[in-house]
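Please read it with the structure open beside you.

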Amino acid sequence: MVNGTESAGGLPPFGLTWGVKRSFIRYIFSVPDVEVSVGDGAGALGNGYFSFRPAGSTLNAGTGYGVLAFEGVAAIRGHFGMMSISLQDPRLELGPDGAVLTVVSGDGTRFALAVLHEGMFERSGADLLWSAGRVLLTAEGAPLFNGQYPEGQEMDPVLVRIGLP
């Protein structure tokens, strides 16, 4: 578990929890005109982490492959509008070659934001937890950060908590 992401009972909230990148989050909160907004199923956990509520799953219990969908929008704006980042309706796509975190762009197209390594499932009571310890920005995801982070840049871990069917 990533320190500061736990809800009651020591587990993350239901859905996807992501802190994007700690150094980036610290920086944006130092920008005088920063605006952080969440909605449509996304929340801000108060510690710089964002959560997105579950929106369905096609996960195959036997293989562990499939898609975990989440909904919501988390937007960060600052520098008089020159910085604008939006994370919308993330999906975790799990397959034999690994996991990919995708989001919807401002023009409505879905793109791969990060590849996730060292992902693992564990069961906690009636919940299924998935975490990826290593999250790397993709070439498609780098422009979201205006080129400040290159392809392969390590980002924060991704945590998922869903109810078992």
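1. Leaving aside its neighbours within four places in sequence, with which residues is serine 51 in contact? Contact means heavy atoms within 4.5 Å. Serine 51 touches Pro13, Leu16, Thr17, Gly41, Ala42, Gly43 and Leu45. Serine 51 sits in strand S4, residues 50-57. Its relative accessibility is 11%, so serine 51 counts as buried. Buried means under 20% relative accessible area, exposed over 50%, and partly exposed in between, with a 1.4 Å probe and protein chains only.

2. A word on the source. This is a predicted model, where local features need pLDDT of at least 70 and side-chain atom pairs count only at pLDDT 80 or more, while totals for chains, interfaces and linings use all residues. Residues are numbered from 1 along each chain as its sequence is written, and side-chain values use heavy atoms, with hydrogens and water left out.

3. Now the fold as a whole. Helices (H or I, at least four residues) and strands (E, at least two) are DSSP runs, numbered from the N terminus. The order along the sequence is β-α-β-β-β-β-β-β-β-β-β-β-β. The radius of gyration is 15 Å, close to the 15 Å that the globule rule gives for 165 residues, so the protein is as compact as a globular protein of that length. That radius is taken over C-alpha atoms, and the rule is 2.2 Å times the number of residues to the power 0.38. Along the principal axes, the C-alpha atoms fill a box of roughly 50 × 35 × 25 Å.

4. Next, burial and surface. Of the 165 residues, 44% are buried. The accessible surface is about 8100 Å², and carbon and sulfur atoms hold 53% of that area. These areas come from the Shrake-Rupley method with a 1.4 Å probe; for residues, only the protein chains shown count as cover. Among contacts between residues at least 6 apart in sequence, 52% join residues at least 24 apart.

5. Strand S1 deserves a look. S1 (residues 15-18) runs antiparallel to S12 (residues 158-163), and four bridges join them. S1 also pairs with S4 in the antiparallel sense, over three bridges. Two strands pair if DSSP finds at least two bridges between them. Tryptophan 18 has a place in both pairings: this residue stands opposite valine 158 in S12 and opposite phenylalanine 50 in S4.

6. Which residues have a positive phi although they are not glycines? Valine 20 is one of them, at about 60°. Valine 20 lies in the loop between S1 and helix H1 (22-28). With a relative accessible area of 2%, valine 20 is buried. Aspartate 89 is another, with a positive phi of about 45°. Aspartate 89 belongs to strand S7, residues 83-95. At 24% relative accessibility, aspartate 89 is partly exposed. Most residues other than glycine have a negative phi.

7. Is glycine 62 buried or exposed? Glycine 62 is exposed, with a relative accessible area of 72%. Glycine 62 lies in the loop between S4 and strand S5 (66-71). From glycine 62 to tyrosine 27 the separation is 35 residues in sequence and 42 Å in space, C-alpha to C-alpha.
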